[in-house]
Amino acid sequence: MVTTDEEEKTRVIVLTKPLSLDGDSEVDYRAPNVIKRVLSLFKNVRPGSDLSRFQLSPLFNIPKSHLQCFGESVYCIGNDLLGRCNKGESPQDRFTAVVSWSISILRPMIFGIAPYNPVLGETHHVSRGNLNVLLEQVSHHPPVTALHATDEKENFEMIWCQHPTPQFYGTSVETEVHGKRQLKLLNHGETYEISSPKLLIKFLPIPWVDWVGENRIRCHETGLEAELYYGSSSFFGLRGNHRTVKGKIFDSTSFELLYEIDGQWDRTVKMKDVSSGKETVIYNAKEAISGLKAPIVTDPKGVWPSESALIWGILSQAILGKDWSKAREAKKAVELKQRELLRERESRGETWVPNHFTVTHSKEGGWDCSPIQKWVPPAPISVPL
């Protein structure tokens with residue numbers, strides 16, 4: 001959709017630096033007395049409650065939506081870990097490269113603040129070199145995000161369908177990320193299925209947020225499989241060695257153990273060849289997720305009205321300026337517009353259909369998303385290389 005010059009002048013598109021090892025690099029978004037405020041949010045919430053419909057004040061938001069955060073984990077990276085997956089000479093070389101890249105998807109989160117919940121039909125379309133990434137919010141309740149990323153030059157594609165389910169447990173919030181995540185190396189005829197660990201937010205005795213639990217990676221064509229376990233050690237409730245990752249790579253057809261993995265995903269992760277005892281650093285967080293730059297708009301008129309950075313632009317602008325009154329008005333305006341669109345669809349007897357994905361759902365298989373286009377087109381928003 002092409003915009004007029006007058007419309008262009010009123011559009012506010014805000015893109016900020018991605019979450020990275022550098023922490024809260026743009027500005028301190030956090031409200032004062034954050035622990036007290038966070039605990040007050042949950043005083044009327046029962047343990048076991050589903051928080052997918054939970055509404056946050058702008059005081060607790062970072063200036064971007066979950067849609068952008070999911071996309072950043074793919075297109076914002078300091079080195080070409082994704083390209084290495086395709087260049088491996090042997091199946092084991094490619095598999096270990098995929099394991100290394102999968103670790104880079106995890107980004108440090110910040111306690112006390114969260115991204116916006118994407119609205120129905122919200123999109124995020126960004127390019128990094130030849131890699132074109134497109135995300136769409138294909139369901140609002142429950143929240144389901146679809147991602148399609150392709151690189152025609154390297155001939156690989158990525159298809160994700162993510163359905164996070166946050167639940168409150170009294171002193172913590174635990175979010176499971178359901179859905180399929182696939183990386184397809186088309187030159188090699190290999191598809192890698194990658195699960196996600198959980199996101200755990202602890203309030204007491206020490207507040208923190210981190211990725212924990214199991215992460216599985218499988219390639220059915222080669223029979224190779226990895227089991228990774230993310231966690232934090234503790235001593236009498238106090239945090240110890242955090243952001244740890246341990247695991248193994250094995251041949252699922254013979255159950256032969258090939259490699260052992262150990263390290264900290266915010267520092268370095270090593271892989272040990274069990275046959276030779278040789279250790280190799282397969283992931284360096286400082287190289288991969290440090291010093292990351294914000295995407296930039298290269299074609300303002302090509303930005304869709306559904307673009308995440310545009311839908312939330314005024315709200316993000318207000319949060320960055322700490323204008324909380326304007327932020328509350330902006331967030332309310334987005335919510336009211338969505339209710340109005342819903343009423344209009346219901347009055348016409350229409351059911352909303354995604355523009356870029358075909359979506360199916362079943363009790364047994366959960367949510368599944370298939371891209372309508374074979375290749376994602378170049379985007380009007382780009383990541384500086």
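Reader: Which residues is Arg107 in contact with, leaving aside its neighbours within four places in sequence?
Author: Arg107 is in contact (heavy atoms within 4.5 Å) with Leu19, Glu72, Ser73, Cys76, Ile77, Trp211, Trp265, Ile289 and Leu292. This is a predicted model, in which local features need pLDDT of at least 70 and side-chain atom pairs count only at pLDDT 80 or more, while totals for chains, interfaces and linings use all residues. Residues are numbered from 1 along each chain as its sequence is written, and side-chain values use heavy atoms, with hydrogens and water left out.

Reader: Is Arg107 buried or exposed?
Author: Arg107 is buried, where buried means under 20% relative accessible area, exposed over 50% and partly exposed in between, with a 1.4 Å probe and protein chains only. Arg107 has no salt bridge, a term that stands for a side-chain nitrogen of Lys or Arg within 4 Å of a carboxyl oxygen of Asp or Glu.

Reader: OK, how many salt bridges does the structure hold?
Author: The structure holds 14 salt bridges, and one of them joins the side chains of Lys248 and Glu227, at 4.0 Å from N to O.

Reader: Which strands do Lys248 and Glu227 lie in?
Author: Lys248 lies in strand S15 and Glu227 in strand S12, so the pair ties together parts 21 residues apart in sequence; strands here are DSSP runs (E, at least two residues), numbered from the N terminus.

Reader: And what about Asp266 and Arg243?
Author: The side chains of Asp266 and Arg243 also meet in a salt bridge, at 3.5 Å from N to O, and both residues are buried.

Note on methods: Lys and Arg count as positive and Asp and Glu as negative; His and the chain ends are not counted. Helices (H or I, at least four residues) and strands (E, at least two) are DSSP runs, numbered from the N terminus.
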